[in-house]
Amino acid sequence: MSYNIHQNEDSGRGTAYRGIDISSGRAIQVGVEDGLISYVQALALGEKAAVGLPYLCTGFIDLQLNGYAGIDYSSPGLDTAGVEKIIRSIGASGTTRHLATIITGARERITAGCAAIAKARRESALARTAVAGIHVEGPYISSLDGPRGAHDKKHVRNPDYEEFMEWQEAAEGAIRLVTLAPEAEGSVGFIEKITAQGVVAAIGHTGASREQILDAVAAGARLSTHLGNGSNAMMPRLRNYIWNQLAEDRLHASIIADGFHLPDDVLKVFSRAKGMERLILVSDAAFLAGSPPGARTWGDISVEVHPDGHLSLLGTEFLAGAGHLLDRCVARFAKASGMTLPQTAALCTSNPARLIGLSKETLEFTPGAPACLAMFRPAGEGGEALEIDACLINGETVHGR
């Protein structure tokens with residue numbers, strides 16, 4: 001017997017959603033009325049009745065989303081309608097909150113992107129809830145091929161705190177995460193300054209030495225961005241920056257578990273080396289993600305969207321960003337690592353929330369809080385992604401019934 005969506009007999013109490021709370025494992029009923037959580041009630045169900053229930057949580061949190069469905073957070077012309085389109089589109093993955101990610105670009109381009117996102121959060125209640133902040137990935141990264149990834153080399157530069165403060169002012173204080181390379185000149189002082197403001201400094205797109213990584217961590221760096229990607233194709237087998245970051249217990253690590261960026265064996269090793277409490281799943285979805293298969297143009301490069309959804313440089317096997325969302329990453333990580341679905345869900349709920357300091361209501365159903373909710377089931381036989389029954393943001397059903 002399935003209870004995936006149940007309308008209360010008392011219509012004055014709104015709509016009720018029944019499922020298994022992903023964090024506690026208990027059967028609960030969550031009431032939603034006028035866009036808010038109206039009540040949370042434990043259910044006394046027998047084991048047989050509970051079998052048909054989906055999992056329930058306040059939704060997944062993605063710390064690295066560059067765009068989706070043709071809308072790019074780094075492109076000119078970004079407006080509130082575009083931000084809302086991204087939010088509703090990624091709801092199909094159960095994602096209710098994310099960091100809008102702006103990548104390496106000219107100073108004025110990043111400033112304008114921060115301002116556009118801040119404007120959307122002012123104008124739209126949906127964006128205020130769903131866009132938990134901004135992640136600036138670059139431009140203070142390695143200029144070398146490999147570590148630089150797909151970032152535009154002509155805009156790579158050393159950290160500039162004055163420039164960052166211009167972005168933060170335009171963002172109205174919404175920048176929560178900055179990814180940079182520890183080997184960049186001035187990075188240690190820069191990390192100290194932004195972490196003093198409560199901004200998380202992350203190591204990424206780097207070719208740093210062990211000593212440079214340790215200096216960055218001592219200055220306050222707390223995260224490795226998409227560990228294992230944005231790196232050299234060939235490197236010393238035992239002494240390299242991936243091992244150095246894996247071994248550093250003060251660093252969390254975000255990873256892309258879409259089945260294309262990291263092999264399953266690597267996911268398993270990372271889960272054991274880092275520990276589940278220090279791992280975070282991110283999609284790193286590019287704006288071309290969710291597009292129909294075929295050749296596309298991304299700035300000055302040609303990209304192919306493949307039938308299976310992954311993105312590559314046209315005519316090559318080299319990846320050109322990520323094409324999938326957290327519903328796939330959760331399912332594939334659980335399968336590769338041997339972890340349960342509740343254990344894996346923590347990698348895109350409690351772990352990222354704790355890292356960037358999100359409030360309690362982003363993780364727990366709290367009466368009076370915005371009604372954000374995801375209902376999902378394990379991937380079916382042969383499935384590559386979770387089955388998402390429904391996703392709500394501010395009480396609006398952005399996916400499902």
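This is a predicted model: local features need pLDDT of at least 70, side-chain atom pairs count only at pLDDT 80 or more; totals for chains, interfaces and linings use all residues.

User: How many disulfides does the count come to?

Analyst: A disulfide is a pair of cysteine sulfur atoms within 2.5 Å. By this rule, the count here is zero. Take cysteine 348: the closest cysteine sulfur, in cysteine 57, is 7.5 Å from its own, too far for a bond.

User: Is cysteine 348 buried or exposed?

Analyst: Buried means under 20% relative accessible area, exposed over 50%, and partly exposed in between (1.4 Å probe, protein chains only). Cysteine 348 has a relative accessible area of 0%, so it is buried. Cysteine 114 counts as buried too, at 0% relative accessibility.

User: Why is strand β19 largely enclosed by the rest of the structure?

Analyst: Strands (E, at least two residues) are DSSP runs, numbered from the N terminus. Strand β19 covers residues 373-377, and five of its five residues are buried, so the rest of the structure largely encloses it.

User: Which residues lie on each side of β19?

Analyst: In a regular strand, side chains alternate between the two faces of the sheet. In β19, Leu373, Met375 and Arg377 are on one side, with Ala374 and Phe376 on the other, and all are buried.

User: Which strand do five bridges join to β19?

Analyst: Two strands pair if DSSP finds at least two bridges between them. The five bridges join β19 to strand β20 (residues 387-393), running antiparallel; there, arginine 377 has glutamate 387 as its bridge partner. Strand β5 (residues 55-57) is also antiparallel to β19, joined by three bridges, and tyrosine 55 partners phenylalanine 376.

Conventions: Residues are numbered from 1 along each chain as its sequence is written. Side-chain values use heavy atoms; hydrogens and water are left out. Helices (H or I, at least four residues) and strands (E, at least two) are DSSP runs, numbered from the N terminus.
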